[in-house]
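Work through the exercises below with the sequence and the coordinates at hand. Each task is followed by a solution in steps.

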Amino acid sequence: MQGVLTGFAVIAVVIAVGYVLGLRGHLGPQGREVLTRLAFHVASPALLFTTLATADLSVVFSSRLLVTALSTVAVAGAFVAVGVVRRWGVGRTTIGALCSGYVNSGNLGIPIAVYVLGDASLVAPVLLFQLVLVTPVAVTVLDLSGGGGEGPLWRRLLTPLRNPIALGSLAGVAVAATGLRVPAPVMDPLTLIGNMSVPAVLLAFGISLCGSTMPMRGADREPVLLAVALKAFGQPAVAWALASGVFGLRGAQLLDVVVTSALPAAQNLYTYASTYEVGERLARDAILVSTVVSVPVLVGVAAVLG
């Protein structure tokens with residue numbers, strides 16, 4: 001339980017700092033945009049590369065990953081189905097689907113894995129699945145649904161290779177799969193740059209809260225409510241059902257997959273929405289509300305299954 005509270009406290013402090021920066025205007029009128037572009041085009045690709053380049057890809061074949069993948073597909077698919085019926089648009093529906101199933105496995109998942117589950121590596125399957133498959137697919141859809149959807153077919157097919165997030169992820173997997181050792185003079189600067197990713201995302205998120213209205217109001221109220229419900233309650237429920245009923249996981253293994261599935265929506269989803277200028281308020285509100293709601297959910301899961 002202490003790990004849950006510690007993880008949320010760290011995030012809250014950094015977001016609060018971003019809010020104060022925005023309130024006082026220390027970074028100027030373009031501060032949020034600069035931080036967002038820094039995270040998307042430079043820091044996040046570097047972080048993804050350094051993380052995946054040294055990862056153990058054998059976790060791809062674990063039952064825990066299958067539970068994560070299936071639960072993510074289930075809740076994201078539910079949001080997409082509603083989005084199609086309600087005609088929310090491709091870009092907006094993609095952002096909402098991400099907010100429904102893309103968990104905060106990095107800056108919140110790691111401390112919770114350490115303090116609650118006792119092993120930081122337990123978030124690796126979730127991290128790899130999201131970085132290797134979910135992120136490239138999502139940003140490709142966002143590219144093709146916007147300006148990237150125009151032009152010759154060959155250019156559209158190469159969209160993942162032109163996106164910095166996808167490129168960083170794929171490059172890291174390639175290095176890990178081949179067993180290559182990146183020299184320290186190359187890896188160390190990338191690591192240093194990648195360390196800017198999470199703070200930049202959280203600060204930009206905090207700045208975005210300045211002058212904004214209360215969450216879950218206006219035209220985005222319905223998709224926000226749906227995304228939060230699927231993320232906070234739907235995904236952990238599906239993960240529990242799959243892990244215990246299909247894969248026969250018990251004890252610590254069952255706790256691991258349910259806790260990671262109950263993590264709130266990741267802050268970097270706001271970076272994607274802001275970069276593509278689609279569903280920004282949806283992403284911001286869903287991340288904020290799911291983070292608040294996930295606190296009692298995670299405490300309850302840890303108490304019941306722990």
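A residue counts as buried under 20% relative accessible area, as exposed over 50%, and as partly exposed in between. The model is predicted.

**Exercise 1. Helix 3 against helix 12**

Determine how the axes of helix 3 and helix 12 are oriented to each other, and which residues make the contact.

Solution. 

Step 1. Helix 3 covers residues 63–86 and helix 12 covers residues 221–246. Their axes come within 9 Å and cross at roughly 150°.

Step 2. Angles over 145 degrees count as roughly antiparallel. Helix 3 and helix 12 are therefore roughly antiparallel. The crossing of helix 3 with helix 12 is right-handed.

Step 3. Helix 3 contributes Val67, Leu70, Ser71, Thr72, Ala74, Val75, Ala78, Phe79, Val82 and Arg86. From helix 12 come Glu222, Pro223, Leu226, Ala227, Leu230, Gly234, Gln235, Val238, Ala239, Leu242 and Ala243.

Step 4. Sorted by class, the residues of this contact are 15 nonpolar, four polar and two charged.

**Exercise 2. The surroundings of Phe79**

Find out which residues Phe79 touches beyond four places away in sequence, and whether Phe79 is buried or exposed.

Solution. 

Step 1. Phe79 is a residue of helix 3. The relative accessible area of Phe79 is 0%, so it is buried.

Step 2. Leaving out residues up to four places away in sequence, Phe79 touches Trp88, Arg92, Thr93, Gly96, Ala97, Ser100, Pro223, Leu226, Ala227 and Leu230.

Step 3. Take Leu226 from that list. Phe79 and Leu226 are 147 residues apart along the chain, and their C-alpha atoms are separated by 7.2 Å.

**Exercise 3. Helix 4 against helix 15**

Repeat the orientation analysis for helix 4 and helix 15.

Solution. 

Step 1. The axes of helix 4 (residues 90–101) and helix 15 (residues 280–305) come within 9 Å, with a crossing angle of roughly 10°.

Step 2. An angle under 35 degrees counts as roughly parallel. Helix 4 and helix 15 are therefore roughly parallel.

Step 3. On helix 4 the contact uses Arg92, Ile95, Gly96 and Cys99, and on helix 15 it uses Leu282, Ala283 and Ala286. The contact of helix 4 with helix 15 has five nonpolar residues, one polar and one charged.

**Exercise 4. Aromatic pairs**

State how many aromatic pairs the whole structure has, then examine the geometry of Phe40 with Tyr276 and of Phe205 with Tyr270.

Solution. 

Step 1. Four aromatic pairs are found in the whole structure.

Step 2. Phe40 and Tyr276 are 5.9 Å apart, centre to centre, with 90° between the planes, and the pair is edge-to-face. Phe40 is in helix 2 (residues 31–53) and Tyr276 in helix 14 (residues 268–276), so the pair ties together parts 236 residues apart in sequence. Phe40 counts as buried at 2% relative accessibility.

Step 3. The ring centres of Phe205 and Tyr270 are 5.9 Å apart and the planes stand at 80°, so this pair is edge-to-face. Phe205 lies in helix 11 (residues 197–208) and Tyr270 in helix 14, so parts 65 residues apart in sequence are tied together. Phe205 is buried at 1% relative accessibility, and Tyr270 is buried at 4%.

Step 4. Phe40, Tyr272 and Tyr276 form one aromatic cluster.

**Exercise 5. The cover of helix 14**

Solution. 

Step 1. Seven of the nine residues of helix 14 are buried.

Terms used. Residues numbered from 1 in each chain as written. Predicted model: local features only at pLDDT ≥ 70, side-chain atom pairs only at ≥ 80, totals over all residues. Heavy atoms only, no water. Axes fitted to C-alpha atoms, helices over the stretch in contact; angles between N-to-C directions. Helix = DSSP H or I, 4+ residues; strand = E, 2+ residues; numbered from the N terminus. Parallel < 35°, antiparallel > 145°, perpendicular 65-115°, else oblique. Contact = heavy atoms within 4.5 Å. Nonpolar A, V, L, I, M, F, W, Y, C, P; charged D, E, K, R; others polar. Left-handed = near helix turned anticlockwise from the far one by under 90°. Phe/Tyr/Trp six-rings, centres within 6.5 Å; stacked < 30°, edge-to-face > 60°. Buried < 20%, exposed > 50% of the residue type's maximum accessible area, 1.4 Å probe, protein only.
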